[in-house]
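Please look over the sequence and structure shown here before reading on. The report that follows moves from individual residues to the chain as a whole.

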Amino acid sequence: MSQFRATRRTVLHVLAAGAASAALSAFAQWPDKAIRIIVTFPPGGSSDVLARLMAEQLSRKLGQPVVVDNKPGAGGTIGGAQVASAAPDGYTLMLSNTTPIALGPFTLDKQPYDPVTGFSHIAHLGAAPLVIMASKPSGLRSYADFEAAARKDGHIDFGSGGPGSVGHIHGELLKKITGINMVHVPYRGGAPMTTDLIANTIPVGIDVITAYVPFFKSGQLLPLAVTGPQRSPLMPEVPSIVELQQPRLVLENFFGLSGPAKLPADVVARLHDVCNEVLVMPEIQKKLTELGIIAKPESTAEFNTFVKAQVDVLGPTVKGAGIKL
């Protein structure tokens, strides 16, 4: 009998060791096929450009194709929901940012996913500030002019790239914190808003800085403030909102790499380390600067803490403003 128990114990040990070996072998082979990065915006925007930069470098370092798949719509939640419901095997990822994580889910009556626990937030890639800008004929030449005009006239119109966009939310945050009355004028993207800003159909617009630098340099639009904690390298002469004594108005469009919840820890660690290796490459830093993005290499734990803080601040702002998509 004792010999039988010993034999049975030996068999169990062998089976357990085999299972562990198989698991290690499976990870050792990851990735063994193409990886997909879902972008929750159409091609051509900052998220798409950054995703393609990262995909090229990740493919080289991981030895497998990394393809970008654009899934826009519903405040980023269409693409976000696909990632949240994907198998946690490391082959479906998302170029996460402020919209699908901290804004879009809160514009819907029923959230399609929990933006904090519904994902494995892997790596913080960077952040781009917004810019509060004015049309040239408006006569606004500074952030102080903007606030003074709003208080004098009782309200001021401001444009954004659309309902629930990061520019819209910053306007709502600005209203809440400063007490000035701002009337939101939504557009279907930044291009039509730019046209109306130049024509002075609206006096003020708020959006991510990247696409507007040529209009600032030509003098067609006037930057009043950037919403990051420091000045943007794209427009170093423009003050940050912190310099203007409004630290609670700091809001940047963050970019990260996320995957479905419960990704294997080893996969998360490998992706995180490779992303951070890419972010310190001089050629990548140059391209990020051209996009107005400041690289943010940090630990996975720090990125998760950051995501939760963004959701805790912006989610209630979206709900409080009654924004629906």
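The model under discussion is a predicted one, and by the ring criterion used here it contains five aromatic pairs. In one of these, the ring centres of F254 and F306 lie 5.2 Å apart with the planes at 90°, which makes the pair edge-to-face because angles over 60 degrees fall in that class. F254 sits in strand β9 (residues 252-260) while F306 sits in helix α11 (residues 300-320), so their pairing ties together parts that are 52 residues apart in sequence.

## The W30 region

Another aromatic pair is formed by W30 and Y91, whose rings are 6.3 Å apart from centre to centre and have 55° between their planes, an arrangement that counts as tilted. W30 belongs to the loop between α1 (2-28) and β1 (35-39), and Y91 to the loop between α3 (77-84) and β3 (92-97), so this pair ties together parts that are 61 residues apart in sequence. Both W30 and Y91 are buried.

W30 is also one partner in a cis peptide bond, which joins W30 to P31 with an omega of about -5°. P31, too, lies in the loop between α1 and β1.

Helix α2 covers residues 46-62, a run of 17 residues, and from its first C-alpha to its last it reaches 24 Å, close to the 24 Å expected at 1.5 Å a residue.

Leaving aside residues up to four places away in sequence, E172 touches T317, A321 and I323.

N200 is not a glycine, yet its phi is positive, at about 65°. This residue lies in the loop between α7 (190-198) and β7 (204-208), and with 30% relative accessibility N200 counts as partly exposed.

K262 likewise has a positive phi, near 70°, in a residue other than glycine. Its place is in the loop between β9 and α9 (265-279), where K262 counts as exposed at 76% relative accessibility.

## The chain as a whole

The chain has eleven helices and ten strands, and its C-alpha trace spans about 95 × 40 × 30 Å along the principal axes. Of its 325 residues, 50% count as buried, and among contacts with a separation of 6 or more, residues 24 or more positions apart account for 77%.

The chain exposes about 14,200 Å², of which carbon and sulfur atoms supply 58%. The chain carries 28 positive and 25 negative charges, and the mean positions of these two sets are 6 Å apart.

Key: Residues are numbered from 1 along each chain as its sequence is written. This is a predicted model: local features need pLDDT of at least 70, side-chain atom pairs count only at pLDDT 80 or more; totals for chains, interfaces and linings use all residues. Side-chain values use heavy atoms; hydrogens and water are left out. Helices (H or I, at least four residues) and strands (E, at least two) are DSSP runs, numbered from the N terminus. Buried means under 20% relative accessible area, exposed over 50%, partly exposed in between (1.4 Å probe, protein chains only). Contact means heavy atoms within 4.5 Å. Accessible areas come from the Shrake-Rupley method with a 1.4 Å probe; for residues, only the protein chains shown count as cover. Lys and Arg count as positive and Asp and Glu as negative; His and the chain ends are not counted. The place of a charge is taken as NZ of Lys, CZ of Arg, CG of Asp or CD of Glu. The expected span of a helix is 1.5 Å times one less than its number of residues. Rings of Phe, Tyr and Trp (its six-membered ring) pair if their centres lie within 6.5 Å; planes under 30 degrees apart count as stacked, over 60 as edge-to-face and the rest as tilted.
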